[in-house]
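Me: I have a chain open and want to go through it with you. Can we start with how you count a salt bridge, then move on to the rest?

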Amino acid sequence: IDPVTKKPIRMSAKSKKVLEKKIEAHFKMVASGGATAVLLSPYESFDAKNAIDILKSNNIKISLTDCVNKLLEYMRKDEECPTIAIKLGEAFAAYYETQKGKSEFHQKAVRNRVGKWVELFGADRMLSEVTAQEVSKELEGRLINTNDEKTKTTYNNHLNYIKSFLNWCTYPEQGYIKANPIASMKLKTKEWHDPEYLSSADTKALFTVLEAHKDEYPEDLAYAILSFFCGMRQEEIKRVREGDNAVRISLEYRNIRVIKCKGASKGIKPRSFTIPDTALAWMQSFDFMTAIKMKNETFRKRLVKRAEEAGIKKLPENAGRHSFITMHAAAYHDPNLLSSIAGNSEDVRSEHYDGLTFENEGKAYFEILPNTRKNDIVVQL
């Protein structure tokens with residue numbers, strides 16, 4: 001019987017001895033794997049055995065035939081979703097439309113990081129022409145300064161934004177390209193640097209100057225309070241003007257709820273915390289609620305001037321937030337409370353801010369009070 005067709009096999013020979021040899025050869029073939037065995041080359045037999053071993057090692061109980069059928073099914077689906085030929089500039093315009101409604105800072109970053117790259121790469125070029133090699137070469141040449149470690153941060157920020165744009169282009173609802181050509185591009189590794197922050201003495205000097213100018217620029221003092229004594233991000237502070245749907249501040253109940261926090265558009269939940277004693281003392285020393293709702297687009301520029309007046313040689317970027325987190329970690333040793341106020345993850349907080357200064361320095365920081373309240377406010381540490 002033929003092992004494949006299951007039909008009878010008729011054999012003939014001129015002698016009984018030759019016929020017996022034919023029959024014997026047939027059954028040897030069947031015993032060694034059947035007729036199909038002789039159809040495979042040694043390499044094909046080894047390849048099939050290797051594939052079966054891979055399936056077994058991954059605990060997948062399907063045949064090689066099933067594997068091939070699933071692969072063909074996947075390829076057919078891929079062919080059913082052809083990409084759309086589109087220019088890079090057109091794809092970016094469509095992407096930028098989806099950013100409306102997000103923060104002004106984010107939209108500006110998209111324009112400066114992705115839009116600028118699209119312009120330099122060539123808005124009239126086809127999206128399908130983008131390659132990792134060309135993206136890397138352009139960003140390296142434009143952004144990296146080998147003598148300035150900070151340019152690596154700039155490079156990484158630009159690369160991440162461009163990656164997000166090209167990922168969006170691969171989504172089925174767009175279907176502009178099948179895969180992100182720079183998905184595997186690596187970020188630059190930066191040397192370790194501790195976050196820069198102000199000492200308690202410098203912070204005290206800065207707030208003394210801010211308090212002296214509070215009649216002229218009350219908004220500067222208000223912004224500084226939320227930054228240095230509540231650890232809020234500058235974009236979060238700006239959103240106070242948008243109303244309680246963005247940031248809700250209640251002096252009566254000593255509570256701040258940051259609704260439009262960093263990552264809110266990506267599903268990050270709001271955070272709520274009790275206003276720290278030091279911050280509350282400063283808030284109660286003047287009309288804080290009116291001041292904090294005033295437009296203040298030049299806060300950083302004026303803060304640098306106030307720092308110079310206070311004799312501070314250098315005011316670090318994000319000095320308020322970095323100083324608050326550093327000093328709170330040193331003074332109170334309460335990571336859960338600090339994370340709930342600042343909105344950082346435990347990993348970020350412990351990796352960057354732990355142990356930067358001493359407890360006495362942290363406590364001195366939170367004893368900085370307005371001149372008008374020093375005699376009747378007791379700050380509980």
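Reply: A salt bridge here is a side-chain nitrogen of Lys or Arg within 4 Å of a carboxyl oxygen of Asp or Glu. Keep in mind that this is a predicted model.

Me: How far apart are the closest N and O atoms of Glu297 and Lys238?
Reply: They are 4.0 Å apart, and the pair forms a salt bridge.

Me: Where in the chain do those two sit?
Reply: Glu297 is in the loop between helix H12 (288-292) and helix H13 (299-309), and Lys238 is in helix H10.

Me: What about Arg233 and Glu236, buried or exposed?
Reply: Both are buried. Their side chains form a salt bridge at 3.0 Å, N to O.

Me: How many salt bridges are in the whole structure?
Reply: A search finds 21.

Me: Switching to strands. How many are there in the chain?
Reply: Three, along with 17 helices.

Me: In which sense do E1 and E2 pair?
Reply: Antiparallel: E1 (residues 247-250) and E2 (residues 255-258) pair over four bridges. Val247 stands opposite Val258 in E2, and Arg248 has Arg257 as its bridge partner.

Me: And what pairs with E2 besides that?
Reply: Strand E3 (residues 271-274) pairs with E2, in the antiparallel sense and over four bridges. There, Asn255 has Thr274 in E3 as its bridge partner.

Me: What is between E1 and E2?
Reply: The hairpin has four residues between the strands. Arg254 is in that loop, and its phi is positive, about 55 degrees, although Arg254 is not a glycine. Arg254 is partly exposed, because its relative accessible area is 27%.

Me: Where is Asn59, and what is its phi?
Reply: Asn59 is in the loop between helix H2 (42-57) and H3. Its phi is positive, near 60 degrees, in a residue other than glycine. At 60% relative accessibility, Asn59 counts as exposed, the cut-off being over 50%.

Me: On to the surface. Which residues form the nonpolar patch that includes Leu72?
Reply: Val68, Leu71, Leu72, Tyr74 and Met75 form it, with about 490 Å² of accessible area together. Leu72 is in helix H3 (residues 64-80) and counts as partly exposed, at 37% relative accessibility.

Me: Last one: what share of the contacts with a separation of 6 or more comes from residues 24 or more positions apart?
Reply: Those residues account for 63% of such contacts.

Note on methods. Residues are numbered from 1 along each chain as its sequence is written. This is a predicted model: local features need pLDDT of at least 70, side-chain atom pairs count only at pLDDT 80 or more; totals for chains, interfaces and linings use all residues. Side-chain values use heavy atoms; hydrogens and water are left out. Two strands pair if DSSP finds at least two bridges between them. Patches are made of residues with over 30% relative accessible area and no salt bridge: like charges are joined within 9 Å, nonpolar side chains (Val, Leu, Ile, Met, Phe, Trp, Tyr) within 5 Å. Accessible areas come from the Shrake-Rupley method with a 1.4 Å probe; for residues, only the protein chains shown count as cover. Buried means under 20% relative accessible area, exposed over 50%, partly exposed in between (1.4 Å probe, protein chains only). Contact means heavy atoms within 4.5 Å.
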